[in-house]
Amino acid sequence: MSKQYDIAVIPGDGTGPEVINEGIKVLKAIGEKHGISFKFVNYPYGAEHYLKTGEILPDSAILEFKDFDAIYLGAVGDPRVKPGILERGLLLKLRFDLDLYVNLRPAILYEGVWTPLKDKGPEHINFTVIRENTEGLYAGAGGFLYKNTKNEVAIQEMICTRHGTERIVRFAFEYTRKYGREKKLTMVGKTNVLTYAHDLWARVFDEISKEYPDVKTDYAHVDATCMWMVKNPEWFDIIVTDNMFGDIITDLAAIIQGGLGVAAGGNINPNGVSMFEPMGGSAPKYTGKNVINPIAAIEAGRLMMRFLGEEEASIDIQKAVQKTVKMMKSMNAGQMGFSTTEVGDLVVKHILQ
Ligand code: IPM
Ligand code: MN
């Protein structure tokens, strides 16, 4: 009997719907090959919907999402919406309300993809960042005193709980054991300055490491990590880090793997519904031109398959992506040598052949 997965789709704004279309095309093809069927249910949320209705993401949608197997998001954003509104009201709301406590960002340079790092190739750039996704500086704790006066005080607190730290660190050890190239897990932090928050992190990391004698451990300060990621990215296998530092180093990771055209991420609740997305934004200037790179969205679909337990399907998507990117001239919009839909068709062709 074939398996069916129910997927909530938020195509979003700008080029979001275009890349999601290609992602869905690829998922349908992989389903055909592996005896998996999908039910895709579209949701209208994003900047356009907000500007039209004033609604960002209602609690009723969060409740509905809990009944799905996964959420597939294109991109949200529009220059007409003030920064912060959709971020907090939609993206972060999804993370907090669905307890998506893992942000997983693989940085794999595929053969034939350009990297800005000189003398580095696919054998050097193959690591994954596991970022804590519900605490730290993103918790939204803090406030103003005497706002808009000369005596104004702004406080933004960094919240690290033992529970939150333990579960992300444990996830990272499990992930390293299962998927690590060298079974090596590096904690990235700033223990020399964040002497409370990252002291807790370091103690938890140390404690949990004892349960995983087969996993090698390492520690790097976040500033040094930025240097090493450029100079010796091959030193990294799996990284675990806090929310803010994870946000910063995953953009560095994305550019060395070929940029936003290929970088994908998962916002994961290992015990619930997870959300998968391409990292590139809504790219309004490319909207409707059939020139945006859908590889990142297709890669997000690949991650979705992995976390639904369809590892073979996930590997098959990766193989097809690897063949496709080798044929593409560039990962940049408008310079791929193919249109958006042609890139999707090529991946499908490589899956089915
Ligand atoms: C990311 C993004 C988000 C973040 C923004 C859009 C809220 O940069 O997923 O990395 O800061 O986490
Ligand atoms: Mn980011």
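Modeller: Happy to; here is a walk around the ligand site. Please keep in mind that this is a predicted model. Let us begin with the space itself: ligand 1 takes up the largest pocket. Both domain 1 (1-108 + 263-353) and domain 2 (116-256) give residues to the shell around ligand 1, so the ligand lies between them.

Who makes up that shell? Surrounding ligand 1 you will find Glu87, Leu91, Arg95, Arg105, Arg131, Tyr138, Asp247 and Met279.

Now for the polar contacts, which involve oxygen atoms of the ligand. In the side chain of Tyr138, an N or O atom is 2.6 Å from an oxygen atom of ligand 1. For Arg95, the distance between a side-chain N or O atom and a ligand oxygen is 2.7 Å. Arg131 also takes part, with a polar side-chain atom lying 2.8 Å from an oxygen atom of ligand 1. As for cover, ligand 1 exposes 320 Å² when taken alone, and the protein buries 74% of that.

How values were computed: Residues numbered from 1 in each chain as written. Chains lettered and ligands numbered in written order. Predicted model: local features only at pLDDT ≥ 70, side-chain atom pairs only at ≥ 80, totals over all residues. Heavy atoms only, no water. Near = heavy atom within 4 Å. Polar contact = N/O pair within 3.5 Å; in protein donor to acceptor, adjacent residues only side chain to side chain. Areas by Shrake-Rupley, 256 points an atom, 1.4 Å probe, with all protein chains shown as cover. 1 Å grid on protein atoms, 1.4 Å probe; cavity = no way out; pocket = protein on both sides within 12 Å on 5 of 7 lines; lining within 4 Å. Sits in = over half its atoms within 2 Å of the grid points. Domains from an automatic or database assignment.
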